[in-house]
Amino acid sequence: MTERAATLTLPQLIEQPATHRSWLATLGRRKNITLGGIVLVAMIAIALLAPLIATHDPLKLVVQDRLQSPNSAHLFGTDTQGRDVFSRVVYGARLSLGVGFGVSLSVLMVGTLIGLLAGYFRRLDTPIMRVMDGMMAFPGIILAIAIMAARGPKVENVILALSIVSTPRLARVVRSVVLSLRETQFIEAAHSVGCTAQKIIRSHLLPNCVSPLIVQISFIFAEAVIGEASLSFLGAGAPPEVPSWGSMLNDSRVVLRQAPWTMILPGVALTLSVFALNLLGDGLRDLLDPRLRRR
Amino acid sequence: MTRYIIRRLILAIPVLFGVSLGVFLMLQLVPGDPALVVAGDSASPETIARIRHELGLDQPLPIQYLTFLEHLLHGSLGKSIRSNREVMTEILERFPYTLALALAAVVLSTVFGVAMGIFAAINRGRAADFVTMGIAIIGLSVPTFWIALLLIMLFALTLRWLPVTGASSWQALLMPAVALSLHSAAVKARITRSSMLEVMGQEYIRTARAKGLRERGVILRHALKNALIPISTLIGLQFGSLLGGAFIIETIFGWPGVGRLAVQAIFNRDFPIIQGTVLLIAVAYLLSNLVVDIVYGWLDPRIRYN
Amino acid sequence: MLRVVCLIVFGMVLLGVVACGAPASPASVAPLPSVAPTSAVVPEQSKLGGTFNVAAITDPETLDLHQTSNPVASTIFGWIYDTLVYQDLDTSYKGLLAESWSVSADNKTLTFTLRKGLKFTDGSPFNAEAVKFTFERLKRVGAKSPIFETFKNVTSMDTPDDATFVLNMAEPYAPIFHDMATSYAGILSPSAVKAANDDIGRKAIGTGPYKLKEWQTGQFITLERNADYKQFQAFYANKGAPYIQELRYKVIPEPTTQLAALDAGEIDLLGLRAQDVPKYGGDARFKIYDSYTFGLTYLGFDTARKPFDDAKVRQALSYAVNKDEIVQVVFEGKLAKAQCCPIAESIQGYDPKLKEFELKYDAAKSKQLLDGLGYKAAANGPRASPDGKPFQPVLYTTNSDTHGKIATLLQAQFKAVGVDLQVKQLESGALLAATPKAEHDLYLNGYSWNEPDMFSLFLSCDRVKSSNRVLYCNQDLEKLIKAGRTELDQAKRMQIYVEAQKLTMQEAPWQPLYMPVNKTAVSTKIKDVKQAQSGGLLFHDAYIAK
């Protein structure tokens with residue numbers, strides 16, 4: 001999760017040729033959205049319909065079935081405690097996507113607010129942004145582990161920890177959009193006709209932030225999915241009774257050699273979800289936010 | 001330029017103070033008294049109180065923080081609760097390993113990432129482009145720790161090509177470095193490609209082509225040179241985050257670096273070590289940002305500092 | 001011997017595997033077969049040399065004898081330092097650095113006669129002054145040491161001459177010999193400590209069979225044979241220096257990596273997990289040794305909290321616990337043994353006769369008792385408290401994998417009697433902080449302490465706010481604990497602990513669950529490994545086949 005930081009400090013730099021946009025390339029980008037969207041919707045469906053899709057109770061320990069290799073009863077085998085790997089992965093989608101949604105939503109609200117305040121009120125800008133700098137300089141995983149240790153293993157706390165880690169980045173993006181608009185004529189015009197700050201923010205600045213926000217959120221969502229898995233992998237994530245791809249991978253570590261199947265499906269599911277979100281983010285950026293692309 | 005650097009360094013000081021205060025407050029919120037953890041399961045209350053006193057944990061919080069700052073002024077980050085050694089010594093002992101790992105990862109990711117990016121750019125719009133960029137986006141999506149497990153399973157457990165223990169040979173460095181470099185290689189491939197494409201559309205490239213230079217020369221001599229500006233920026237930023245960001249990889253591979261030290265310190269409640277490692281990582285982050293900005297200006301004279 | 005929270009993984013890899021200090025072997029434990037020396041007599045000279053590689057799950061952090069309870073460090077102390085006394089295979093204490101000793105009539109003064117002519121590995125002489133220096137340092141800086149509490153009872157120490165050391169205690173204290181036989185009670189070289197300015201975290205110098213050679217932080221520690229060593233422990237044939245030239249502790253934090261290292265021959269000894277036992281059991285390159293650990297894991301009730309202040313409620317729930325199932329499911333029947341009584345069967349003071357007082361698994365009885373106490377169930381639903389509120393006791397335990405599995409199993413076992421058990425897993429630092437506040441209803445954890453006096457640590461009134469995690473305080477038990485601490489007659493003392501256990505089993509603040517059992521794979525290259533009755537491995541006669 002921390003390894004990803006570099007990308008995200010550089011959202012502007014990432015990708016996309018401005019010129020030479022052949023119809024093929026355009027189609028390719030649309031394909032991004034289509035493919036990413038399909039995979040994501042499928043994942044959401046799996047999460048929602050988990051009880052229908054799962055073949056076994058994901059929590060049930062069946063001792064005599066421990067570490068079975070894939071067979072007709074257990075399509076992807078069983079883990080160290082005889083639980084069905086496939087069913088756990090299916091239920092694990094609930095946690096991953098749930099945490100992703102939770103983090104996206106809270107970062108969206110808090111990060112946008114902070115960014116608007118910093119960007120619009122000159123006096124607040126420096127103090128707020130210094131605090132954001134400090135938070136970004138703070139190693140995210142340590143912060144998250146500490147928050148988890150402080151508040152205990154609960155899904156809400158995973159969301160809280162990952163939200164705190166992701167908020168500064170979104171705030172920065174919003175701030176830079178607001179800063180670039182603040183000096184434009186239509187804002188000045190709004191000022192001169194006596195619009196209140198609240199009104200200007202709500203009806204002029206916020207709408208302009210929507211596109212970059214949508215793009216950023218798809219990446220933050222992807223980050224949160226990996227973040228949850230990382231925390232669970234380190235044993236500092238969701239409580240043990242909740243099926244999580246990260247903790248499944250952690251469990252698989254000790255049986256890596258005897259039961260490699262315990263690590264394959266959770267890893268694939270994790271990669272696929274993040275892959276879909278990244279594709280979607282790329283596509284959306286291209287579609288919605290040509291401005292980011294050019295800088 | 002010098003003034004710019006000095007100004008940036010001065011600006012970093014309050015941020016570092018903030019970070020140190022942040023860690024300090026964060027540690028107060030974490031349940032689990034370090035004295036209790038050190039004393040173990042069977043210590044008496046008096047002994048625990050005595051250890052608290054020895055560690056200075058019985059002082060009011062502001063005093064504890066001021067003591068920390070006072071030590072800092074004397075160039076000390078305090079002593080580890082567990083090993084009784086200077087935090088600085090503990091960190092410096094592990095830093096070369098983290099540095100080696102980060103350097104190896106940067107080299108690997110730059111070589112492979114830039115090569116993939118150029119390859120994709122040259123073949124823009126063709127199948128090779130889509131495949132390469134598809135690989136890049138998958139590389140971006142694969143969790144590092146899963147790749148680490150796959151590598152261990154394949155190269156150490158099944159094929160037995162690489163050693164499973166030790167940290168003093170290049171073979172031992174290989175797996176963690178590859179796992180760590182994957183993600184940054186993917187990012188570099190994407191940026192190289194887009195940056196190359198942008199440059200190749202510029203006037204002077206067309207001129208070079210018109211002069212009859214061979215395509216290879218155009219790409220290597222003219223396009224790549226300019227396309228490298230954003231990539232060099234990225235290398236710097238990634239290096240900064242790799243220095244402080246290899247927690248999980250170091251833990252999985254048992255690599256004796258700063259990241260593993262920090263994670264262990266959290267579980268051991270070794271507060272001075274946590275403080276020290278977080279500060280070090282923050283410094284690495286701020287410095288790498290600064291270096292990147294300086295290099296950026298040097299490579300691209302259009303950018304002026306004020 | 002180790003006083004850290006019983007982290008199972010740590011335990012398996014490190015505990016007792018390489019005998020540190022003295023092994024204990026209660027008479028009640030059936031002797032495990034000890035390894036017969038190889039039939040062909042190998043000449044002494046050809047036994048010398050070689051490196052013995054062992055996996056360590058962490059760095060020892062510090063090798064300051066008085067400032068740590070780290071399990072890896074404690075093992076290494078056993079090699080570097082010798083103690084005044086050691087525990088022989090028949091559980092009695094014998095002299096190691098001390099030749100003999102006498103106890104005063106009031107049981108408060110111990111006078112040790114020390115061996116003469118021994119030297120520390122820095123060349124300075126071993127004498128009474130060194131012993132006094134060591135224990136004074138322990139009293140001064142040793143708050144982090146597991147035997148710090150013991151030496152609080154020591155009022156003064158005298159050295160009438162070089163070979164006589166006198167220890168004066170405030171009151172008689174029976175466990176003192178045990179504590180003095182642990183590796184934490186090794187004797188330091190005063191000149192080495194002074195030369196290091198008291199900073200001996202990386203400069204450990206003792207009189208032991210090995211000396212510290214090199215420590216690469218986070219990677220390995222190498223110990224080198226002390227060629228001048230004289231062995232006084234009776235059970236060894238080799239009375240001189242050890243045969244193996246070097247011991248190397250390699251820090252390998254991951255279990256998978258440890259196994260791979262064992263397979264690749266990078267290490268020669270490893271504590272196995274249950275799932276690995278079949279594979280290595282059939283592998284001719286290794287021999288598997290079984291050994292008991294000194295402690296057990298229990299299910300405790302927070303006796304300061306309603307309704308668990310009522311012994312009847314504790315008993316009713318204790319009957320719902322199926323220990324055999326835990327051992328079968330979580331340990332595959334291999335790495336644990338179900339325990340009846342508070343003192344594990346590996347520890348002195350265990351008595352099989354106490355089994356009749358065990359609250360043995362009986363789901364029907366548990367249901368019946370709960371019904372009788374007014375915990376009635378709605379149709380098919382979980383039971384409610386007598387006052388009508390939902391009855392959802394919360395079990396606190398560490399976030400270790402093993403404890404997680406046991407907690408899940410307990411949930412199912414409680415569900416079978418209609419009790420909706422909630423589980424809260426905390427990281428062990430947070431757990432230790434939470435229990436004195438009585439936030440929990442039930443508590444699952446282990447103790448690790450090779451002395452029946454564990455009662456005073458884990459079940460006495462004055463530890464209610466610290467290490468007594470069930471906050472149990474019973475004046476009758478308190479009297480027995482006090483009597484056990486001060487009684488120096490072994491037979492009488494053990495009778496006291498039978499009474500104490502009987503009382504505890506009836507009152508049920510704890511339901512003892514299981515004692516961890518170690519299975520250790522040792523490379524067959526290592527010859528003449530001895531085994532104590534408890535299973536601890538003894539290496540002083542061992543050598544590496546060329």
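Biologist: How many residues does helix H4 of chain B have, and what should they span?

Modeller: This is a predicted model, so treat every value as computed from it. Helix H4 of chain B covers residues 61-73, which is 13 residues.

Biologist: Is H4(B) covered or hardly covered, and what follows it?

Modeller: H4(B) is hardly covered: the count of buried residues among its 13 residues is one. After the helix comes B:Gly75. The phi of B:Gly75 is positive, near 80 degrees.

Biologist: Now chain A. Which elements does it contain?

Modeller: Chain A has 12 helices and zero strands. Its pattern along the sequence is α-α-α-α-α-α-α-α-α-α-α-α. Of its 295 residues, 55% are buried. Take contacts in chain A between residues at least 6 apart in sequence: 73% of them join residues at least 24 apart.

Biologist: And how many helices and strands are in chain C?

Modeller: Chain C has 17 helices and 22 strands. Its radius of gyration is 24 Å, and the globule rule gives 24 Å for 546 residues, so chain C is as compact as a globular protein of that length. The C-alpha trace spans about 75 × 55 × 40 Å along the principal axes. Buried residues make up 57% of the 546 in chain C. Among its contacts with a separation of 6 or more, 72% come from residues 24 or more positions apart.

Biologist: Let's read a sheet. What is the strand order in the open sheet of four strands in chain C?

Modeller: The general idea comes before the case. Strands of a sheet pair through backbone hydrogen bonds, either parallel or antiparallel. Here the order is S4-S5-S7-S6 in chain C, with antiparallel pairing. The edge strands are S4 (98-103) and S6 (154-161), each pairing on one side only. From one strand to the next, the twist averages 20 degrees.

Biologist: How many bridges join S6(C) to strand S7 of chain C?

Modeller: Five bridges join S6(C) to S7(C), residues 164-169, and the two run antiparallel. For a landmark, find C:Val154, which stands opposite C:Met169 in S7(C).

Biologist: Which strands of chain C does helix H4 of chain C lie across?

Modeller: H4 of chain C, residues 128-141, lies across S5 (109-114), S6 and S7 of chain C. It runs at about 165 degrees to S6(C).

Biologist: In which sense do strands S1 and S10 of chain C pair, parallel or antiparallel?

Modeller: S1(C), residues 51-56, and S10(C), residues 246-251, pair in the parallel sense over six bridges. The bridge partner of C:Phe52 in S10(C) is C:Leu247. S10(C) also pairs with S9(C), residues 220-225, in the antiparallel sense over five bridges. There, C:Phe220 stands opposite C:Lys250 in S10(C).

Biologist: Strand S13 of chain C next. How many of its residues are buried?

Modeller: Seven of the seven residues of S13(C), 295-301, are buried. Both faces are covered. One side holds C:Gly295, C:Thr297, C:Leu299 and C:Phe301; the other holds C:Leu296, C:Tyr298 and C:Gly300.

Biologist: Which residues stand opposite C:Thr297 in S17(C) and S18(C)?

Modeller: C:Thr297 stands opposite C:Gly446 in S17(C) and C:Tyr514 in S18(C). S13(C) and S17(C), residues 442-448, pair in the antiparallel sense over seven bridges. S18(C), residues 510-523, is joined to S13(C) by four bridges, also antiparallel.

Biologist: On to the core. Which residues have the most contacts inside the largest nonpolar core?

Modeller: In soluble globular proteins, nonpolar side chains tend to be buried together. The largest nonpolar core here has 335 residues, and those with the most contacts inside it are A:Ala144, A:Ile145, B:Ala148 and C:Ile76. Helix H8 of chain B, residues 170-200, gives the largest share of this core, 16 residues. Beyond residues up to four places away in sequence, A:Ala144 touches A:Ala161, A:Leu162, A:Val165, A:Gly227 and A:Leu231.

Biologist: Last, the contact between chains C and A. How many residues does each chain give?

Modeller: The contact takes 14 residues from chain C and 15 residues from chain A. On the chain C side, H8 (255-263), H13 (401-415) and S16 (422-426) each supply at least two residues. H13(C) gives the most to that side, with three residues.

Note on methods
Residues numbered from 1 in each chain as written. Chains lettered and ligands numbered in written order. Predicted model: local features only at pLDDT ≥ 70, side-chain atom pairs only at ≥ 80, totals over all residues. Expected span 1.5 Å × (residues − 1). Buried ≥ 20, exposed ≤ 12 C-beta atoms within 10 Å, placed from the backbone. Pairing = 2+ DSSP bridges. Axes fitted to C-alpha atoms, helices over the stretch in contact; angles between N-to-C directions. Contact = placed C-beta atoms within 7 Å. Rg over C-alpha atoms; globule rule 2.2 N^0.38 Å. Core = buried A, V, L, I, M, F, W, Y, C linked by C-beta atoms within 7 Å.
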